[in-house]
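Q: I would like to learn how to read a structure of this kind, feature by feature. Please give me the general idea each time and then the case at hand.

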Amino acid sequence: ATPMSIMVGIGRAAELGVLFRQGDALQVLQGVDVVAFDKTGTLTKGAPVLVETLALDGDSTGLLRHVAAVEAKSEHPLAAAIVAAVDGPLPESRDFAAIPGRGLRGIVEDAPVLIGNAALLQEAGIDPAPLVAKAASFAAMGQTTVLVAIDGRPAGVLAIADQLRPSAKTTVEALQNKGVQVVMVTGDSQAAGDAIAAQLGLTKVIADVLPSEKVAAIQALQADGARVAFVGDGINDAPVLAAADVGIAMGTGADVAVETADVVLMSGDPKGVLNAIVVSRATLSNIR
Ligand code: ADP
Ligand code: MG
């Protein structure tokens, strides 16, 4: 491709709200085999809402207050959903710690509280099975489930729902129709990931991955010779945006994601990925 035609292609993409920070990315994108999307905040809106609180002892109000007291110190989107669901003042919490890709712990009213996924409880020597069983029906609907242990014992489950972005499904379908394989990568559970994937019509879901494991997931896709684009929004996504053949960030996401990416979708609309590929193919086919 001539530098001039690349310039024209980048200009056309910009009109569609797709910013190429890297001129080379237009050429690489044209030959991409796989597009891997982060789930939360990329395929979904990233504006989660607490929809259910189940306490094993029946006191869901007490459970929610304990959890929210710890979540008040977290900046995770799930934390905002949980804190927003509580009326009135929260108890104090102390000894807060965040465990990336796992959850949180803290002490509320002298009781140690653990909040997060099954692996978090397991690693603390608490059997998550009774809570995983309670969580199953929510996860099957694509909701994120958060398990809670208090005083070293399983205490309850919270279910949090996020909406799909309006263009997510049509974008996935259109990419597949163009011969591009679409994959989801998420730190959420396999059950929740699979349910969202079914709504979108994609089948390959890499779930339960720690932020540090997302890079290895992309490298595994590349190991077969595939050229891989990754689309993400979060602080944790910066390493994987760098590892992908093309890193694509939601313009609405974390600054570090935008700064690491080769391509930025200004309005945070996943359809921008499709537009970018269409423009890249048109630009490069004109020249041949
Ligand atoms: P994603 O890849 O979807 O952005 P994360 O890696 O941030 O997900 O989190 C993975 C999982 O860890 C969540 O689905 C949740 O179960 C648990 N988790 C992380 N942070 C929190 C939190 N603040 N409160 C409750 N659970 C959390
Ligand atoms: Mg995310």
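Q: Which residues of α9 are buried?
A: A residue counts as buried if 20 or more other C-beta atoms lie within 10 Å of its own, as exposed if 12 or fewer do, and as partly exposed in between, with C-beta atoms placed from the backbone. In α9, the buried residues are A191, A192, G193, I196, A197 and L200. Helices (H or I, at least four residues) and strands (E, at least two) are DSSP runs, numbered from the N terminus. The buried residues of α9 pack against α3, α7, β7, α8 (168-177), β9 (181-185) and β10 (204-206), and the residue that follows α9 is G201, whose phi is positive, near 80°.

Q: How should I treat the numbering and the confidence of this model?
A: Residues are numbered from 1 along each chain as its sequence is written, while chains are lettered from A and ligands numbered from 1 in the order in which they are written. This is a predicted model, in which local features need pLDDT of at least 70 and side-chain atom pairs count only at pLDDT 80 or more, whereas totals for chains, interfaces and linings use all residues. Here pLDDT is the predictor's confidence in each residue, from 0 to 100; the protein has a mean pLDDT of 94, and 99% of its residues reach 70 or more. The model also scores ipTM 0.93 and pTM 0.91.

Q: Which domains does the assignment give, and how many residues of each are in contact with the other?
A: Domain bounds come from an automatic or database domain assignment, which for this protein gives domain 1 (3-45 + 164-287) and domain 2 (49-161). Two residues are in contact if their C-beta atoms, placed from the backbone, lie within 7 Å, and by that rule twelve residues of domain 1 are in contact with twelve residues of domain 2. On the side of domain 1 that touches domain 2, α3 (39-43) and α9 (190-200) are the elements that give two or more residues, and α9 supplies the largest share, five residues. The C-alpha centres of the two domains lie 31 Å apart.

Q: What does A229 touch, and is D245 buried or exposed?
A: Leaving out residues up to four places away in sequence, A229 touches L29, V32, V35, A244, D245, V246 and I248. D245 is located in the loop between α11 (238-243) and β12 (246-250), and it counts as buried because it has 20 C-beta neighbours inside 10 Å.

Q: How many residues surround ligand 1?
A: A residue is near a molecule or strand if its C-beta atom, placed from the backbone, lies within 6 Å of it. Ligand 1 is surrounded by 21 residues, the closest being T40, H76, G103, N117 and G187. Among the elements that give two or more residues to this shell are α3, α5 (77-84) and β5 (103-108), and the shell draws at least three residues from each of domain 1 and domain 2.
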